[in-house]
Amino acid sequence: MSGALPSERLENIRAILFDKDGTLIDFDRTWFSVSWHLAQRAADGDEARARSLLEAGGYDWQALCFRPNSVIAAGTGHDIVSLWHPTLAGADFTAKLAEYDAYCVAEGARSAVAIEGLRETLQSLHEMGLKLGIATNDSEAGAHATAKALGIDGFFDVVIGYDTAARPKPHPDPLLYFARKTGLEPEQIAMVGDNLHDLETAQAAKAGLAIGVLSGNSPREVLEPHADLVLDSIAGLPALFNPVIRA
């Protein structure tokens, strides 16, 4: 944790909006195989080119992990298709994006590896009366499929993909959409995520709290300057909000 928060800021929080990849699920263990398969398809089976595409998307072949805030770690399907297929436009681009989204919905859910203590954490927060949501730069269908595959879909009041609100993270739109759907003000919402995009969304929307987690791609020194606090993982959230008495 990057520092103690005034109790009144915690008491004002009525909802938590979670990033998905790296926050609720283990990013590298879930998405490497999916991304590698898509890179191979984009490279027409040329392994050297596929490795180059994956590296351009953010994979560090030496560290064997995705770089923080890279296209694959923090971007949308639109961003990935734009990077890997720069000559596509119009209907061809739309068709390729639909192909990528469909593959990621199915394989992202099938491959999803939960962050340790995920279900117990969500159960505790739900029992405290907090509204919960997901805001991901994956598709909305992909987020629903992953939540269902992990058996946690019942905890979430709202699920937001890059294709749900007008603009994806780091714009404020996903958090403002969540606020409208839950009937809350942005300052009553805590945004939790492992990338700068998540914290920038919180700041742009004037959220009540911006909370970074170290379970994903970004180290503490990247998150801490932009976060109200940094936790090892979402497993630290129940203890943070447990002392707060809710109406």
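The following legends describe close-up views of one predicted model.

Residues are numbered from 1 along each chain as its sequence is written. In this predicted model, local features need pLDDT of at least 70 and side-chain atom pairs count only at pLDDT 80 or more, totals for chains, interfaces and linings use all residues, and side-chain values use heavy atoms, with hydrogens and water left out.

**View 1**
Strands and helices are DSSP runs numbered from the N terminus (strands: E, at least two residues; helices: H or I, at least four). Two strands pair if DSSP finds at least two bridges between them.

**View 1. Strand 1 and its two partners.**
Strand 1 (residues 15-18) runs parallel to strand 4 (residues 131-135), and 4 bridges join them. Within this pairing, the bridge partner of A15 is K131 in strand 4. Strand 1 also pairs with strand 6 in the parallel sense, over 4 bridges. Here I16 stands opposite A190 of strand 6.

Strand 6 (residues 189-193) and strand 7 pair in the parallel sense over 4 bridges, and G193 stands opposite G212 in strand 7. In a regular strand the side chains alternate between the two faces of the sheet. Which residues of strand 6 are buried on its two faces? I189, M191 and G193 lie on one side and A190 and V192 on the other, all of them buried. For strand 7 (residues 209-213), 5 of its 5 residues are buried. L209, I211 and V213 cover one side of this account, and A210 and G212 the other. Buried means under 20% relative accessible area, exposed means over 50%, and partly exposed lies in between (1.4 Å probe, protein chains only).

Helix 6 (residues 90-111) has 22 residues, which at 1.5 Å a residue should span 32 Å; its end C-alpha atoms are 31 Å apart, which agrees. The expected span is 1.5 Å times one less than the number of residues in the helix. Among the buried residues of helix 6 are F93, L97, Y100 and Y103. The elements covering its buried residues include helix 2 (27-42), helix 5 (77-84) and helix 8 (140-149). R41 lies over the face of Y103, at 5.2 Å from the ring centre. A charge sits over a ring if NZ of Lys or CZ of Arg is within 6 Å of the ring centre and within 35 degrees of the ring normal.

**View 2. An aromatic cluster that includes Y59.**
F27, F32, W36, Y59, W61 and F66 form one aromatic cluster. Y59 and W61 form an edge-to-face pair, 4.9 Å centre to centre with 80 degrees between the planes. Y59 and F66 are also edge-to-face, at 4.9 Å centre to centre and 70 degrees between the planes. Rings of Phe, Tyr and Trp (its six-membered ring) pair if their centres lie within 6.5 Å; planes under 30 degrees apart count as stacked, over 60 as edge-to-face and the rest as tilted. Both Y59 and F66 are buried. The charged end of R51 sits over the ring of W61, 3.9 Å from its centre.

P68 is placed in the loop between strand 3 (65-66) and helix 4 (71-74). With a relative accessible area of 32%, P68 is partly exposed. Leaving aside its neighbours within four places in sequence, P68 is in contact (heavy atoms within 4.5 Å) with N195, N217, S218 and P219. N69 is found in the loop between strand 3 and helix 4, and its phi is near 60 degrees, a positive value in a residue other than glycine.

**View 3. Backbone details in two further loops.**
A cis peptide bond joins K169 and P170, with omega about 15 degrees. P170 lies in the loop between strand 5 and helix 9 (173-182). K206, in the loop between helix 10 (196-205) and strand 7, has a positive phi of about 60 degrees although it is not a glycine. At 64% relative accessibility, K206 counts as exposed.
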